[in-house]
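Here is a quick tour for anyone meeting this structure for the first time. Have a look at it, then read on.

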Amino acid sequence: MNATALTIDRVRVRHHGALLVDVADIAVAAGRPLTIIGESGSGKSLLAHAVMGTTPAELEVTGALRLGARSFDLGDRRGRRPMWGRELALLPQEPATALDPTMRVRSQVAEGVPGFGWRSRGAGERADAALGHLGLSGAGRAYPHQLSGGMAQRVAFAATTVGGARVLIVDEPTKGLDPVALEQLADLLAEHCAGGGALLTITHDLRLARRLGGDVLVMRDASVVERGAVADVLNAPAHDYTRRLVGAEPSRWQLPWMRVSAPEPEGRPLVTAAGLSKAYGDQALFEDLSLTIRAGERWAVSGPSGVGKTTLGNVLLGLVRPDGGVVEHAPALRHGRIQKLYQDPAASFPPRVRLGVAVADVLARHQVPAERLRSLLAAVGLPEGLLERLPSQVSGGELQRLAIVRAMLPAPALVVADEATSRLDLVTQETTTDCLMTELADRDCALLWVTHDRDLAGAVADQLLDLGAWAQGRSSPTACCSSTK
Amino acid sequence: MTTLTEPVLETTQPGRRQRASTAARRASAVLLGGLVLFAAVGPLLLADPAAQALDRYLEAPSLTEPLGRDEYGRSVLARLAHATRLSLVLAGLCVATALVVGTAAGILAAWRGSWIDTVLRSVSEVFVAMPALLVVLLVAATADGGVWALYVGIALAQWVEYFRMVRARAAIVLGSPAVEAARLLDLGWWHVVRRHLWPDLRPLLTTLASLGMVTSILAMSTLGFVKVGLKPPRAELGLMVTESFPYYDVAPWLSLAPVAVLFLLTVCFLGLRRTETA
């Protein structure tokens with residue numbers, strides 16, 4: 001059972017002399033998952049592509065790997081192609097974009113069946129069986145855009161594994177998945193392993209690493225800093241960086257702005273919503289929903305994807321008109337005193353204008369002295385030189401912090417954060433959230449955080465509105481507003 | 001996570017195609033500069049384009065008259081300078097008017113939506129349904145060949161293109177999260193126009209404008225050629241081509257000179273466009 005399926009003797013990936021990956025002695029045994037964790041830019045995904053032979057030609061790859069009894073030179077990209085799908089398979093990032101948008105799901109999966117021929121009946125049946133096994137038997141005729149994120153992920157999984165590859169590499173599978181979809185995916189991966197397959201998972205999600213078990217490798221700055229069994233490494237990390245990574249999980253945060261108990265509702269109401277309802281087509285998102293956000297309160301809206309969290313946030317912001325009910329904003333929210341943070345900060349800045357120019361407009365409009373901008377930048381740890389760049393030239397974490405700075409300039413009374421940290425890795429998520437919450441706590445600003453991460457919701461908010469529970473049970477919405485403490 | 005295309009994009013060197021396109025743009029700019037200088041300075045230095053000297057009928061090119069004289073003994077070089085100036089100035093006016101009107105209407109339609117959008121779109125569709133040259137012909141015919149009729153006609157035929165492109169593009173920009181954020185920040189419409197719309201529309205508008213210059217110049221000379229546009233004795237490129245046709249076998253320079261100027265103007269304006277839509 002524990003035969004080694006994949007051995008990486010040594011991998012080096014270079015780009016113009018800069019070492020991007022330098023890793024040695026990785027053995028993936030059949031039936032024992034191996035998970036690589038680490039922060040953005042540590043070279044995790046590059047490692048996966050170097051193993052597959054799918055790195056761009058500009059990157060120089062050297063090293064050797066063994067698949068069972070055969071060995072391969074990593075510098076030769078073509079050598080491994082006959083193995084793709086049969087022996088070695090990669091489940092790519094962002095399955096929704098990895099699928100062909102113009103092809104029906106069933107034919108995409110059927111293409112991966114060994115001996116596939118145009119309109120071959122056997123391949124179609126194998127595809128149906130694979131989809132049926134994943135609980136997608138009804139989706140065979142659907143196009144990828146008709147699927148939810150979790151379903152697209154499972155279709156991609158079916159297409160990747162239908163060829164019967166024993167060694168499966170999974171690259172960052174949890175991006176944008178809610179906890180339910182994450183559970184389903186983890187079950188699939190565990191099943192692959194239990195059936196004698198070898199599994200190499202690349203992720204920054206520690207929950208997935210724990211769930212899968214087996215061994216874990218911690219990568220930082222192109223090399224491995226720690227390795228061992230998952231339980232050992234994550235419960236008793238030896239390396240400083242691993243300790244930081246583990247401590248950055250929202251459930252373990254201990255930060256000065258966190259409140260032990262929710263304060264009494266005594267502030268003046270900022271947003272009063274009564275009898276809200278909204279539907280897209282036939283699908284009702286919420287009905288007869290009422291809530292009041294008072295000054296200084298911290299709210300979280302949670303639930304699985306597609307349940308209408310973002311829409312509710314936009315309705316409360318006044319950006320989307322509800323089908324029924326009213327949203328009243330207090331006069332204190334006028335003139336830019338209600339702000340929003342976006343999931344993709346790059347999309348919230350004018351793309352062709354330098355950041356400094358865009359921020360200067362905010363300073364001028366709200367008559368904020370330049371001193372204030374400088375102190376805010378210093379408080380969130382951003383260099384002033386950043387303002388010389390375009391949004392596309394700044395990393396996601398830095399740009400989100402700059403978005404926080406920009407949102408703070410008009411001295412807001414309420415900030416709505418729409419999945420504001422869900423695209424960031426754990427350590428960056430912690431620093432970014434810390435920046436935001438420190439600023440909010442300093443001026444007693446209210447918060448509404450839209451997130452699918454219950455741990456994060458618990459860490460930042462005092463009150464939780466669980467749209468998922470409400471949609472399932474159709475119970476009274478007020479029953480789903482609960483204290484997170 | 002680590003996007004594999006990132007390091008690749010960062011280091012992409014300007015390719016051979018891009019360098020060639022930069023060189024072509026530079027050459028076009030230099031040549032166009034020369035033509036503009038000729039149109040601006042020529043009419044001041046050269047003789048009166050209408051001064052006839054019937055005794056020097058169809059005189060061949062010489063050192064004092066590099067392009068010779070036409071059937072009334074008028075200096076072809078002087079007439080050419082005046083005609084080029086007329087073409088450039090009138091085309092520039094037409095394009096500027098069409099650009100300002102079309103862009104403003106496009107932004108207004110995308111911004112306000114509802115009935116304003118419906119009305120503007122309906123009007124634009126009427127113009128789309130009519131061939132551009134027909135619009136110019138109609139206006140020119142009713143106003144009897146004046147410069148103003150030509151100007152109004154061409155500008156009317158061209159604003160639709162700007163309107164439709166700008167409306168489609170502006171609707172995307174105005175619906176973006178960046179503009180939503182600007183609204184929440186209470187930054188006002190001027191910020192949205194200056195920082196969001198203008199940077200996005202600028203490359204599109206410069207391309208459209210250089211194409212518009214070509215279309216206007218060609219439309220003017222086409223109308224002159226079929227004798228609907230400007231009337232003799234005014235020096236105009238299209239008119240000059242028609243007038244010189246009867247003498248093609250004895251004095252080919254007469255018709256070749258305006259044709260060459262038209263050709264160069266077209267090539268220069270087309271060459272000025274950027275190949276990549278930034």
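## One residue up close

Leaving out residues up to four places away in sequence, B:L272 touches B:R25, B:S28, B:A29 and B:S210 (two residues are in contact if their C-beta atoms, placed from the backbone, lie within 7 Å). B:L272 sits in helix α10 of chain B, which covers residues 252–272. Helices here are DSSP runs of H or I with at least four residues, strands are runs of E with at least two, and both are numbered from the N terminus.

Is B:L272 buried or exposed? B:L272 is buried, because 21 other C-beta atoms lie within 10 Å. The cut-offs go like this: 20 or more other C-beta atoms within 10 Å of a residue's own means buried, 12 or fewer means exposed, and in between is partly exposed, with C-beta atoms placed from the backbone. As for B:T215, 57 residues away along the chain, its C-alpha atom is separated from that of B:L272 by 14 Å.

## How to read the model

The model is predicted, so local features need pLDDT of at least 70 and side-chain atom pairs count only at pLDDT 80 or more, while totals for chains, interfaces and linings use all residues. Residues are numbered from 1 along each chain as its sequence is written, and chains are lettered from A and ligands numbered from 1 in the order in which they are written.

## Chain B

Chain B has 10 helices and 0 strands. Its C-alpha trace spans about 80 × 50 × 30 Å along the principal axes. Of its 278 residues, 37% count as buried. Take the contacts in chain B between residues at least 6 apart in sequence: 66% of them join residues at least 24 apart.

An unreviewed UniProt entry annotates "transmembrane region" at several stretches of chain B, including residues 27–47 and 86–111. UniProt positions follow the numbering used here, feature names are shortened, and annotations may be inferred rather than shown by experiment. In the model, residues 27–47 of chain B are 90% helix and 0% strand, with end C-alpha atoms 30 Å apart. Residues 86–111 of chain B are 100% helix and 0% strand, and there the end C-alpha atoms are 37 Å apart.

## Chain A

The axes of α13 (residues 396–408) of chain A and α14 (residues 426–442) of chain A come within 10 Å and cross at roughly 5°. That makes α13(A) roughly parallel to α14(A) (angles under 35 degrees count as roughly parallel, over 145 as roughly antiparallel, 65 to 115 as roughly perpendicular and the rest as oblique). Among the residues making the contact are A:I404 of α13(A) and A:L436 of α14(A).

## Where the chains meet

How many residues of chain A are in contact with chain B? There are 34, and they meet 21 residues of chain B. On the side of chain A that touches chain B, α1 (44–52), β15 (338–341) and α11 (355–365) each supply at least two residues. The most comes from α11(A), with 5 residues.

Definitions and conventions: Axes fitted to C-alpha atoms, helices over the stretch in contact; angles between N-to-C directions.
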